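This report goes through the helix packing, the domain division and the sheet of the model shown here.

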Amino acid sequence: MKSELTTLKANTLQGIAEAKDDHTLKQIDINILGRKGQLTDILRKLKDLSPDEKKTVGKLANEVKTDIQIALENKQKQFANSELEKSLNEDWIDLTAPGKTTQTAGSIHPLSQLQKHVEEIFSEMGFSIMDGPEAESEYYNFEGLNIPKHHPARDMQDTFFLKEKHSTDGGRTVLRTHTSPVQVRTMEKYGAPLRVIVPGRVFRYEATDASHDSTFNQVEGLLVDKGISLAHLKGVLAQFLSRAFGQEVTVRFRPGYFPFVEPGLEVDFSCLICKQEGCRVCKKTGWVEFMGAGLVHPNVLKAGGIDSEVYQGWAFGFGLDRLLMMRHKIDDIRHIHGGDLRFVRQF
Ligand code: DAH
């Protein structure tokens with residue numbers, strides 16, 4: 001029986017040493033130590049031995065059992081370690097690789113970002129931000145701004161008319177062609193002195209091309225106070241543009257015509273692309289056309305209920321889309337409202 005035990009031990013340990021996988025180990029475990037296993041069989045026969053033999057053979061049998069168990073455990077550990085090693089080698093993670101995006105976060109549209117920036121700059125100069133209706137009465141869009149019926153200035157702006165009469169005065173309703181109507185609305189509501197800007201969407205019945213869209217955005221400015229001159233306007237605009245572009249910008253005034261200002265101006269700023277050397281953007285002049293402006297016409301102050309003998313003011317209006325295009329070198333205005341994510345995700 002003793003030799004049976006030692007042979008079993010030798011064979012089993014050899015089997016364990018040669019095992020190639022976990023499954024083989026399990027099989028050995030069942031065949032040797034299991035309920036019907038070879039060692040269990042031998043142990044069962046112990047009861048037929050004399051007490052002396054029982055003692056020595058029993059001891060040996062227990063040692064064999066423990067040795068086999070230890071060998072099995074060690075081999076199992078060895079397999080587990082090599083599994084781990086294998087997976088560490090195969091499932092290698094590159095910690096320097098950029099992350100995979102499964103969900104993209106939304107972001108603020110570049111036009112809204114710019115509008116917010118413009119509002120911040122003017123707020124710091126003491127201007128309030130005003131709003132006005134996009135579906136505007138014909139009166140505020142034209143008459144209130146000294147553009148009477150049949151005045152040729154109305155031809156400059158091809159207008160969308162709506163069927164409904166306007167709720168404020170029962171007149172015709174237009175999609176506002178500029179943000180200027182909010183000038184009179186603000187003067188009526190708050191009186192003088194005043195300092196406001198009015199960012200907003202405006203509409204014109206126009207064929208679209210790279211620099212024209214039927215919906216675009218303007219920012220109106222209006223300042224009314226005592227002893228106001230164009231010098232104040234120049235200072236405010238130079239300050240605003242320098243802040244908006246993050247570099248020093250100079251401003252030039254040229255005479256221009258708008259019925260709601262007298263004198264009226266065209267405002268240009270120094271070309272930032274060529275530093276006034278002359279390029280395609282400034283058409284080799286060193287100056288970029290930017291906005292209309294002027295001293296508020298007495299008829300407009302009157303429409304707003306302000307005494308033009310006591311108060312003066314200036315106003316301006318510029319295209320926010322154009323400013324955005326210049327800032328980011330965007331070559332087609334239609335991208336701005338096009339809703340193409342490939343465009344907006346760049347900002
Ligand atoms: N409303 C004008 C336009 O849309 C722009 C403008 C010109 C606004 C002169 C003003 C101004 O306030 O004084 O073309």
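Which residues in helix 1 meet which residues in helix 3? In this predicted model, Glu-4, Leu-5 and Leu-8 are the residues of helix 1 that take part, and on the side of helix 3 they meet Gln-38, Leu-39, Ile-42 and Lys-45. By class, the residues of this contact divide into 4 nonpolar, 1 polar and 2 charged. Helix 1 spans residues 2–18 and helix 3 spans residues 38–45, and their axes come within 11 Å while crossing at roughly 165°. An angle over 145 degrees counts as roughly antiparallel, and helix 1 and helix 3 are therefore roughly antiparallel to each other. The crossing in which helix 1 passes helix 3 is left-handed.

The protein chain is divided into domain 1, residues 2–90, and domain 2, residues 110–344. Taken over C-alpha atoms, the centres of domain 1 and domain 2 are separated by 93 Å.

An open sheet is formed by 7 strands, which follow the order 1-5-6-10-9-8-7 with mixed pairing. Strand 1 (128–129) and strand 7 (251–256) each have a single partner strand and stand at the edges, so one side of each is left without a neighbour in the sheet.

| Strand pair | Sense | Bridges | Residues opposite each other |
|---|---|---|---|
| Strand 9 and strand 10 | antiparallel | 5 bridges | Gly-294 and Ala-315 |
| Strand 7 and strand 8 | antiparallel | 6 bridges | Arg-254 and Glu-266 |

Strand 9 covers residues 287–296 and strand 10 covers residues 312–319, and it is in strand 10 that Ala-315 stands opposite Gly-294. For the other pair, strand 7 is joined to strand 8 by a hairpin through 4 residues, and Glu-266, the residue opposite Arg-254, belongs to strand 8.

Two helices can be described by their position relative to the strands. Helix 7, residues 181–190, lies across strand 5 (194–203), strand 6 (215–225), strand 9 and strand 10, and runs at about 140° to strand 5. Helix 8, residues 230–245, packs on the sheet and touches strand 7, strand 8 (261–270), strand 9 and strand 10, with its direction making about 130° with that of strand 7.

Definitions and conventions: Residues numbered from 1 in each chain as written. Predicted model: local features only at pLDDT ≥ 70, side-chain atom pairs only at ≥ 80, totals over all residues. Heavy atoms only, no water. Pairing = 2+ DSSP bridges. Contact = heavy atoms within 4.5 Å. Axes fitted to C-alpha atoms, helices over the stretch in contact; angles between N-to-C directions. Parallel < 35°, antiparallel > 145°, perpendicular 65-115°, else oblique. Left-handed = near helix turned anticlockwise from the far one by under 90°. Nonpolar A, V, L, I, M, F, W, Y, C, P; charged D, E, K, R; others polar. Domains from an automatic or database assignment.
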